[in-house]
Every structure is written in structure tokens, then in C-alpha cells.
Amino acid sequence: MDFLAGIGGFGESLWGYLIPFLFVLTVVVFFHELGHFTVARLCGVKVDVFSVGFGREVFGWNDKHGTRWKLSWIPLGGYVKFAGDENAASVPDRERLAHIPADERAGLFYFKPLPQRAAVVAAGPVANFLLAILIFAGIFTFVGRTVATAVVDEVNPEGAAAEAGFAPGDHIVAIDGSQISSFEDMQRFVSTSGNKELVFEVMRNGEHVTLHATPRIQEVTDRFGNVHKIPMLGIVRQVDSANVEVVRSDPFTAVWLGVKETWFVTERTLNYIGGIFAGTQDADQLGGPLRIAQVSGQVATIGFAALISMVAMLSVSIGLLNLFPVPMLDGGHLLYYAVEAVRGRPLGEQAQEYGFRIGLALVMMLMVFATWNDLVHLQVFAFLSSLFS
């Protein structure tokens with residue numbers, strides 16, 4: 001009976017993770033591919049297929065331009081296939097292209113001028129960033145943001161703040177020269193700093209005080225039991241109606257805040273990746289599809305606004321990842337185009353083929369590593385061991 005109940009609970013939790021995950025991923029992928037598709041159409045490129053997902057088609061239709069729009073069985077990505085492409089990775093079918101008459105080349109991506117090809121490729125990541133800006137702007141307009149003044153109520157005697165000389169009542173006004181308008185601003189600045197020393201400008205009893213503190217990496221457990229390693233000062237702000245307010249912005253201000261929020265997520269992601277190579281961040285925090293599914297399900301229990309906010313953050317991450325100069329990704333294509341612009345002619349077929357294989361290997365290794373992290377993080381191995389012990 002307990003086993004059946006456990007299976008039933010597992011099924012419920014699986015659907016609770018799967019549906020939000022598919023929603024989040026589908027929205028992000030759709031807008032990424034829509035960016036490629038829209039600019040391609042503007043440049044006169046013929047698009048054969050617009051697919052959300054991979055594998056066999058579930059259903060689809062043809063539009064008046066001859067593009068096949070379809071939903072496929074494996075919902076872990078998507079692609080736009082241009083006329084003349086050999087596969088979904090936009091590898092050109094060179095043998096076929098070599099025999100196409102000159103009067104039929106106008107609508108083929110391969111024969112478009114370099115600036116147009118670069119614009120089509122860059123449009124996917126750009127669409128991801130625009131989607132994030134619009135989502136954040138919508139949240140700031142209709143939901144609002146919680147704001148508390150950056151005043152210290154308590155200081156952990158064993159934390160970095162106590163060592164630096166912080167005291168209750170201190171009002172933090174700037175960090176490393178950047179103005180701080182709320183306690184949330186301060187938290188976000190510190191959480192992305194790694195373990196480097198920060199310079200704090202503080203108002204204390206009407207006087208200006210400068211303090212130097214190095215946040216300490218600590219393990220923090222969130223409301224869902226997930227463990228995160230975050231730089232922390234060791235200060236507390238009491239949250240109550242007297243010092244916290246919900247601020248809703250007008251649409252123009254909200255768009256600007258959306259731009260700033262998108263930049264913050266971008267900067268935080270780059271800092272984390274740089275920290276992995278510098279040895280200041282742990283790579284075990286890097287998650288893959290399983291972790292995204294888990295977090296999607298957990299965030300969905302908070303509310304739709306939280307889930308949409310996750311769509312925005314994942315959209316930024318996908319856009320940024322695709323800009324990395326790795327062959328097979330959009331950034332790899334842009335790298336080839338940059339070389340072509342300098343040389344005055346494209347790289348040779350063999351060089352591009354080798355680059356594609358290297359890029360594919362790097363992407364596969366990243367996916368395997370991220371999935372391994374997911375399995376360890378979700379304690380799948382311990383679960384399987386308990387079943388057969």
C-alpha cells in the first residue's frame with residue numbers, strides 16, 4: 001500500500017514538474033525561433049519548416065508562403081529550417097546548392113549577403129532578450145515589486161558584516177560606487193560579487209561611513225529544500241508593513257526597469273560562468289533540463305507571475321548561451337561570419353565541418369555534465385539505491 005501511494009505521489013509530482021517545464025521551455029524556444037523566422041522573412045529567405053520540438057510531427061499546417069509549422073514529439077527545443085539546409089542545425093546542403101540555377105538563389109539563406117545572414121542568426125538571441133524585457137516590464141507594471149529601504153536591523157556576530165564593522169541602524173547608500181536604493185538591490189549586488197572585497201558607503205547617525213567587507217560563500221536552503229551557495233554579508237532586514245511597500249511603475253519606467261533586470265540576469269550569469277573558470281564558483285550549481293523542470297514545478301506553486309518571471313530569466317540564459325562562439329550555436333555562426341568579413345570569403349568546407357563537430361562535442365559534454373549535476377542534486381542515485389536495497 002505504501003509503495004502504491006509512493007508511486008501515486010511520484011506521478012503527481014512528475015506532472016507537477018512536467019507541465020510547468022514544458023510551458024516555460026516552449027515559450028522560450030518559440031520566441032527564439034520566431035526571431036530567426038521573422039528576420040529571415042524580412043530578408044526574403046524562404047523558410048521550409050518552423051518546428052517546436054524535435055522528432056516526428058504531432059500536428060502541423062502550411063502557411064501561404066509554404067512554411068510547415070509543426071509541433072513535434074520531443075519538446076526539448078525547436079528549429080527553423082531554411083530552404084537549402086541539410087538538417088535542423090542549419091548545415092547547408094552544399095551538393096544541392098551547387099546545382100541550383102542562379103535565378104532560383106534569391107530566396108536561399110546560403111546566398112544572402114553577409115549582413116543579412118548575420119542579422120537572421122543574431123535575431124534568435126535578440127528575441128530572447130526582448131521577451132525577457134517585455135515580461136519584466138509587464139510584471140513591474142501590473143504586479144509591482146517589493147521594496148524595502150537598505151537599513152540594517154540585525155548583524156550576525158559571526159558574519160562578514162560584523163567583522164567589517166556594520167551596526168544596526170546603518171543605511172547602505174552605495175556599493176563600489178553604485179547607488180543602492182533598496183535592501184533588495186544590496187542583496188543582489190552582494191549575491192553576484194563572488195568572494196571579492198566590496199566597499200560600502202553607509203549613513204550612520206547622520207554621518208558618512210566607509211566600510212570594507214568580503215562576503216562569505218554560504219549554503220542557503222530555500223523554501224523548497226533546494227541548497228544554493230550564495231555570497232552573504234550576515235545582515236538582516238525585518239520585513240513588515242511599516243518598512244516594505246509594493247511599487248508599480250508606469251509602462252515607460254517599467255520597460256527601462258525591464259532592461260536593467262535583463263542586464264542584471266545577464267551579468268549574473270556571466271559572473272557565475274567566469275567564476276567557474278576562475279575557481280571562485282562551484283560548477284555543481286550548473287543545472288540542466290531536470291533541474292529546470294524541478295524549479296519550474298516549484299515556482300509554479302508560488303503563482304503565475306513567478307512562473308512568467310522564470311520564463312524571462314530562462315530566456316536570458318538561452319539567448320546568452322546561444323551567443324557563445326561555439327560552432328553549432330548561433331554565436332558559432334556569427335564567429336564564422338566575422339572570419340568571412342575579415343578574409344573576404346567564407347571558411348573552407350572542411351574547416352567548418354571540423355568546427356561543427358567540435359561544437360557538437362562541447363555542447364554534448366555540457367549537457368552530460370549538467371544532467372549529471374541534476375541527478376546528483378535531485379538525489380536520484382540515492383532514490384534508486386533505496387528501491388533495490
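Is Y79 buried or exposed? Y79 is buried, at a relative accessible area of 12% (buried is under 20%, exposed over 50%, partly exposed in between, with a 1.4 Å probe and protein chains only). This is a predicted model, where local features need pLDDT of at least 70, side-chain atom pairs count only at pLDDT 80 or more, and totals for chains, interfaces and linings use all residues. Residues are numbered from 1 along each chain as its sequence is written, and side-chain values use heavy atoms, leaving out hydrogens and water.

Now the rings. The whole structure holds 11 aromatic pairs (ring centres of Phe, Tyr and Trp, the last by its six-membered ring, within 6.5 Å; planes under 30 degrees apart are stacked, over 60 edge-to-face, the rest tilted). F23 and F304 have ring centres 6.1 Å apart and planes at 50 degrees, so the pair is tilted. F23 lies in helix α1 and F304 in helix α8, so this pair ties together parts 281 residues apart in sequence (helices are DSSP runs of H or I, at least four residues; strands are runs of E, at least two; both are numbered from the N terminus). F23 is partly exposed at 31%; F304 is exposed at 57%. The rings of F54 and Y79 have centres 5.7 Å apart and planes at 15 degrees, so they are stacked. F54 sits in strand β1 and Y79 in strand β2, 25 residues apart.

Next, V143. V143 belongs to helix α3, residues 114–143. At 39% relative accessibility, V143 is partly exposed. S249 is 106 residues from V143 in sequence, yet their C-alpha atoms are 9.3 Å apart.
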